[in-house]
Number of protein chains: 2
Amino acid sequence: MALKVLCDRILNDGKCLEGGILKVDRFINHQMDPYLMKQVAIEFIRRFADLDINKIITVEASGIAPAVMLGYLMGLPVVFAKKKRPSTMADMYVSTVHSFTKQSEYTMIISRDYLTSDDRVLFIDDFLAYGNAGKGIIDLCQQAGATLMGMGFLIEKEFQHGRQYLYEQGIQRIESMAIIESLDNCEIKIKDD
Amino acid sequence: MALKVLCDRILNDGKCLEGGILKVDRFINHQMDPYLMKQVAIEFIRRFADLDINKIITVEASGIAPAVMLGYLMGLPVVFAKKKRPSTMADMYVSTVHSFTKQSEYTMIISRDYLTSDDRVLFIDDFLAYGNAGKGIIDLCQQAGATLMGMGFLIEKEFQHGRQYLYEQGIQRIESMAIIESLDNCEIKIKDD
């Protein structure tokens with residue numbers, strides 16, 4: 001289940017902070033390792049091999065790197081949902097998302113031009129925590145009449161139960177490259193296969 | 001000078017809006033074409049072939065895709081400057097940037113862990129307009145003691161004179177893949193070689 005190269009990297013370069021926070025800004029969400037992104041992308045291709053996907057969707061900003069690498073390898077366009085409405089965007093779908101991690105709300109916006117009822121979408125993001133970003137994407141896809149085929153995450157924080165929440169929202173395929181069982185006592189415990 | 005495949009795409013899929021705005025959200029800054037990003041990255045490698053670069057820097061969100069593709073092909077780490085301070089970031093460099101396009105100010109933040117005096121940096125971004133994002137990067141590199149080797153942009157709006165402004169700030173190497181001479185009367189005029 002787990003992508004070893006990512007798990008090793010989390011154990012070596014990840015930092016556990018108070019409050020269930022896993023800091024991976026050395027290789028994922030501030031400094032990025034493009035080669036690791038490619039390895040992750042290949043594993044996503046394997047795991048979603050049976051799905052007929054025509055578009056990758058992600059959210060700015062940390063989802064963009066793995067999503068673009070996956071889009072490149074699969075030959076598919078990538079759309080990133082914006083958190084602020086651009087002044088030049090006229091017709092759009094909007095969803096309001098609550099971030100438990102940041103204790104705040106943000107909007108997720110996709111232009112009507114780039115999400116339609118013809119789309120069979122794979123959503124890619126860096127973290128699966130409580131599943132709220134995923135819920136926003138479900139909402140946007142429903143508004144557009146697009147088919148959400150599955151969701152792929154680099155790191156799942158299992159103890160925040162986002163997977164269960166997204167299953168309950170009707171998502172049938174969720175794949176995570178590394179599943180964190182616990183960050184108790186600031187120790188990173190990764191789920192073994 | 002110009003990357004033909006990008007110029008053609010701008011002419012075909014770009015939209016010119018009132019106020020000197022060029023909308024490229026079909027292939028660069030909302031929906032992204034990963035294969036185009038790779039072609040752009042290869043051209044950046046050619047143009048900066050003589051420079052000894054060890055790190056790519058960009059700004060969230062639209063710079064990430066070309067920067068990651070370039071980092072991947074060059075085997076280099078990519079750091080994206082954040083516009084909001086993450087709660088988990090302690091030691092950082094901060095610069096305040098004025099956006100003429102959006103008529104607002106924003107901050108640009110890079111952790112001290114990922115920009116140091118050992119770094120020889122190439123800055124990559126989607127647009128060169130007035131050069132203010134570039135000025136922010138110059139400021140951050142100066143704070144860190146890093147060497148800013150050059151700047152590469154997908155699209156330069158020549159009539160907003162950012163290149164001249166950045167030359168005056170001491171930047172010696174600026175490369176743009178497509179240079180827009182004018183957007184007058186909502187007509188896209190690309191500079192011929």
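Guide: Helices here are DSSP runs of H or I with at least four residues, strands are runs of E with at least two, and both are numbered from the N terminus. The model is predicted.

Visitor: Where in chain B is B:His161 found?
Guide: B:His161 is exposed, with a relative accessible area of 53%. Its phi is positive, about 60°, although B:His161 is not a glycine. By the run assignment, B:His161 is in the loop between β9 (147-157) and α5 (162-168).

Visitor: Is A:Asn185 buried or exposed?
Guide: A:Asn185 is in the loop between β10 (174-182) and β11 (189-190) of chain A, and has a positive phi of about 55° without being a glycine. Most residues other than glycine have a negative phi. The cut-off for exposed is over 50% relative accessible area. A:Asn185 has 77%, so the residue counts as exposed.

Visitor: Which residue of chain A comes closest to the rotation axis?
Guide: Chain A can be laid on chain B by a turn of 180° and a shift of 0.0 Å along the axis, with an RMSD of 0.0 Å. That is therefore the relation of a two-fold axis. At a C-alpha distance of 2.7 Å, the residue of chain A closest to the axis is A:Ala61.

Visitor: Which residue does a cis peptide bond join to A:Ala61?
Guide: A:Ala61 lies in the loop between β4 (55-59) and α3 (64-74) of chain A. Most peptide bonds are trans. In chain B, the bond from B:Glu60 to B:Ala61 is cis, with omega near 0°, and B:Ala61 is in the loop between β4 (55-59) and α3 of that chain. In chain A, with omega about 0°, the cis bond joins A:Ala61 to A:Glu60.

Visitor: What percentage of the interface residues of chain A are also interface residues in chain B?
Guide: The two copies are related by a turn of 180°. They meet through the same surface, because the share of chain A interface residues that are also interface residues in chain B is 100%.

Visitor: Are α2(A) and α3(B) roughly parallel or roughly perpendicular to each other?
Guide: Helix α2 (residues 34-47) of chain A packs on helix α3 (residues 64-74) of chain B with the axes 8 Å apart, at an angle of about 100°. The range for roughly perpendicular is 65 to 115 degrees. The helices are therefore roughly perpendicular.

Visitor: How do the residues of that contact divide into nonpolar, polar and charged?
Guide: From α2(A) the contact takes A:Pro34, A:Tyr35 and A:Lys38, and from α3(B) it takes B:Val68, B:Gly71 and B:Tyr72. Gly counts as polar and Lys as charged, while Pro, Tyr and Val count as nonpolar. The division is 4 nonpolar, 1 polar and 1 charged.

Visitor: What is the radius of gyration of chain A?
Guide: Chain A has 5 helices and 11 strands. The globule rule gives 16 Å for 193 residues, and chain A is close to that, so it is as compact as a globular protein of that length; its radius of gyration is 16 Å.

Visitor: How far apart are the C-alpha atoms of A:Ser117 and A:Ala146?
Guide: A:Ser117 is in the loop between β7 (104-111) and β8 (120-128) of chain A and is exposed, with a relative accessible area of 52%. Beyond four places in sequence, A:Ser117 is in contact with A:Ala144, A:Gly145 and A:Ala146. A:Ser117 and A:Ala146 are 29 residues apart along the chain, yet their C-alpha atoms are separated by 4.3 Å.

Note on methods:
Residues numbered from 1 in each chain as written. Chains lettered and ligands numbered in written order. Predicted model: local features only at pLDDT ≥ 70, side-chain atom pairs only at ≥ 80, totals over all residues. Heavy atoms only, no water. Axes fitted to C-alpha atoms, helices over the stretch in contact; angles between N-to-C directions. Parallel < 35°, antiparallel > 145°, perpendicular 65-115°, else oblique. Contact = heavy atoms within 4.5 Å. Least-squares fit on C-alpha atoms with pLDDT ≥ 70 in both. Rg over C-alpha atoms; globule rule 2.2 N^0.38 Å. Buried < 20%, exposed > 50% of the residue type's maximum accessible area, 1.4 Å probe, protein only.
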